Amino acid sequence: GHLGRDTERAASDNWVMFGYYIMHNIGLAFQTFASGLLFGLGSVFFLMFNGLLIGAIAGHLTRIGYGESLWSFVVGHGAFELSASALAGAAGLQLGWALIAPGRLPRGEALRLAARKSVLMICGVMLFLLIAAFIEAYWSARTGPAPLSKYLVGAALWLLVGLYLFGAGRGRHAPE
């Protein structure tokens, strides 16, 4: 019937948006990471630019009365997406720092060692962005749940990400 077609179209739209969020966010993360090769300045620029842009938009929308719509939309996937952005910047800054202060190693060797660690971080960034895109397409965009339930889910996701990042690398395989 008619209802079935609308539901199917909505699911197809969710899938399209899921793909879009993945490509867009991975592109931004890679840009933030790779620009660290400019002695870290590119990573700093993209972190600051994107932070100021997001902050300005969020502040404006909140000020003109769309705060609840905005914050209930971003709170869920923001835990993974914003953490991934910060990690991509950190990975880029590792590359830049290897070029600025290679220590006793030649710059090429310091960069190679930093790149090995950074690529592992970028794998985590990609996983975080995949999770964020899924949440954004299939949960954040839903208009049915009350804002309070979205805030509670968002708080739980932020807690989950925080606990993971706090404990990551602290196992028996952590470098000494």
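Colleague: Let me start with one residue. Leaving aside neighbours within four places in sequence, which residues is Ser-83 in contact with?
Modeller: Ser-83 is in contact with Gly-78, Phe-128, Trp-158, Val-161 and Leu-165, where contact means heavy atoms within 4.5 Å. Before we go on, this is a predicted model, in which local features need pLDDT of at least 70 and side-chain atom pairs count only at pLDDT 80 or more, while totals for chains, interfaces and linings use all residues. Residues are numbered from 1 along each chain as its sequence is written, and side-chain values use heavy atoms, with hydrogens and water left out.

Colleague: Thanks! And where is Ser-83 placed?
Modeller: Ser-83 belongs to helix H2, residues 41-100. Helices here are DSSP runs of H or I with at least four residues, strands are E runs of at least two, and both are numbered from the N terminus.

Colleague: Is Ser-83 buried or exposed?
Modeller: Ser-83 counts as buried because its relative accessibility is 10%. Buried means under 20% relative accessible area, exposed over 50%, and partly exposed in between, with a 1.4 Å probe and protein chains only.

Colleague: What lies 2.7 Å from a polar atom of the Ser-83 side chain?
Modeller: That is the backbone oxygen of Ala-79.

Colleague: Zooming out, how many helices and strands does the protein have?
Modeller: There are four helices and zero strands, running α-α-α-α from the N terminus on. Of the 176 residues, 31% count as buried.

Colleague: How do the axes of H2 and H4 cross?
Modeller: They cross at roughly 10 degrees and come within 8 Å. Axes are lines fitted to C-alpha atoms, for helices over the stretch in contact, and angles run from 0 to 180 degrees between N-to-C directions. The crossing is why H2 counts as roughly parallel to H4; angles under 35 degrees count as roughly parallel, over 145 as roughly antiparallel, 65 to 115 as roughly perpendicular and the rest as oblique.

Colleague: Which residue classes are in that contact of H2 with H4?
Modeller: It has 13 nonpolar, five polar and two charged residues. Ala, Val, Leu, Ile, Met, Phe, Trp, Tyr, Cys and Pro count as nonpolar, Asp, Glu, Lys and Arg as charged, and the others, Gly among them, as polar. Ser-83 takes part from the H2 side, and the H4 residues include Trp-158 and Val-161.

Colleague: And what about the axes of H3 and H4?
Modeller: Those come within 13 Å and cross at roughly 170 degrees, which means H3 is roughly antiparallel to H4. By class, their contact has eight nonpolar, two polar and one charged residues.

Colleague: Now the largest nonpolar core. Which residues touch the most other members?
Modeller: Phe-80, Ile-122 and Val-125 do, out of 20 residues. A nonpolar core is a set of buried Ala, Val, Leu, Ile, Met, Phe, Trp, Tyr and Cys residues joined through side-chain atoms within 4.5 Å. Helices H1 (2-34), H2, H3 (107-140) and H4 (147-167) each supply at least two residues of this core, and H3 gives the largest share, nine residues.

Colleague: What does Ile-122 touch beyond four places away in sequence?
Modeller: Phe-33, Ala-88 and Ala-91. A second, separate core of five residues includes Phe-18, Ile-22, Ala-133 and Ala-137.

Colleague: One last thing: how far apart are Asp-13 and Ala-137?
Modeller: They are 124 residues apart in sequence and 8.7 Å apart in space, C-alpha to C-alpha. Asp-13 is found in helix H1 and counts as partly exposed, at 41% relative accessibility.

Notes
A polar contact is a pair of N or O atoms within 3.5 Å; within protein, one must be able to donate a hydrogen and the other to accept it, and residues adjacent in sequence count only if both atoms are side-chain atoms.
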